[in-house]
Amino acid sequence: MRAVLPSEVPFKSMINNSMQGGALVASILRGDAEGLGKALDSDWIIEPTRGPLIPGFMAVKEAAKAAGAFGCTISGAGPTCVAVVSDPDMGHKLAALSHALAMCSFDEYMLHNFALKAI
C-alpha cells in the first residue's frame, strides 16, 4: 500500500500532518483521548490516498464516529483501522462491529450500522 502514496505532497498538507503529529504526542502525554482521536482523524495525506483502496474503510470510520469514537483512521499500511474511545465498553462494541463487518459483504453494512446505533 505504500506504493500508492504520492512522491510529493502540497506544503499545506505536510504542515497539517506535522501539526497533527505534535497534537498526537501532546494528547498522549496529557492522557487526552479526545485530542488523540482528533489528531488521528486529521490526516490529509495517507488516509485520503489509501482509504478508498480499503473495502469498507469509510463505513467503519463513519460507524465508529457515530458510536462515539473520538477518531478513527488507518493503522499501519492498512487494512487495519484504529479508533480512539475513552470507554472500554465502547471499545468492545466497536471491536464487535469490526469483526461483524469483516465477516459480511459490504452490502450488509447498513444492517450492522443500524445495530450499532441501537446499542
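Predicted model: local features only at pLDDT ≥ 70, side-chain atom pairs only at ≥ 80, totals over all residues.
Student: How far does α1 reach?
Tutor: Helix α1, residues 11-30, has 20 residues and reaches 29 Å from its first C-alpha to its last. That is close to the 28 Å expected at 1.5 Å a residue, where the expected span is 1.5 Å times one less than the number of residues. Helices here are DSSP runs of H or I with at least four residues, strands are runs of E with at least two, and both are numbered from the N terminus.

Student: Which residues of α1 are buried?
Tutor: Ser13, Asn16, Gln20 and Ser27. Buried means under 20% relative accessible area, exposed over 50%, and partly exposed in between, with a 1.4 Å probe and protein chains only.

Student: And which are exposed on the other side?
Tutor: Phe11, Met19 and Leu29.

Student: Why does Gln20 count as buried?
Tutor: Because its relative accessibility is 18%.

Student: What does Gln20 touch?
Tutor: Gln20 touches Lys38, Ala39 and Ser42, not counting residues up to four places away in sequence. Contact means heavy atoms within 4.5 Å. As for α1 as a whole, what covers its buried residues includes α2, residues 33-40.

Student: What comes just after α1?
Tutor: Gly31, which takes a positive phi of about 70°.

Student: New topic. How much space lies in the second largest pocket?
Tutor: About 260 Å³. A pocket is an open set of points on a 1 Å grid over the protein atoms alone, with protein on both sides within 12 Å along at least five of seven lines, and lining residues have an atom within 4 Å of a point. The volume is the space filled by probe spheres set on the points.

Student: Which residues are closest to its centre?
Tutor: Of the 14 lining residues, Asn17, Ala39, Leu40, Asp43 and Thr73.

Student: Which element gives the most to that lining?
Tutor: α1, with four residues.

Student: Last one: which residues of α4 are buried?
Tutor: In helix α4, residues 57-66, they are Phe57, Ala59, Val60, Lys61, Ala63 and Ala64. Just after α4, Gly68 takes a positive phi of about 115°.

Notes. Residues numbered from 1 in each chain as written. Heavy atoms only, no water. 1 Å grid on protein atoms, 1.4 Å probe; cavity = no way out; pocket = protein on both sides within 12 Å on 5 of 7 lines; lining within 4 Å.
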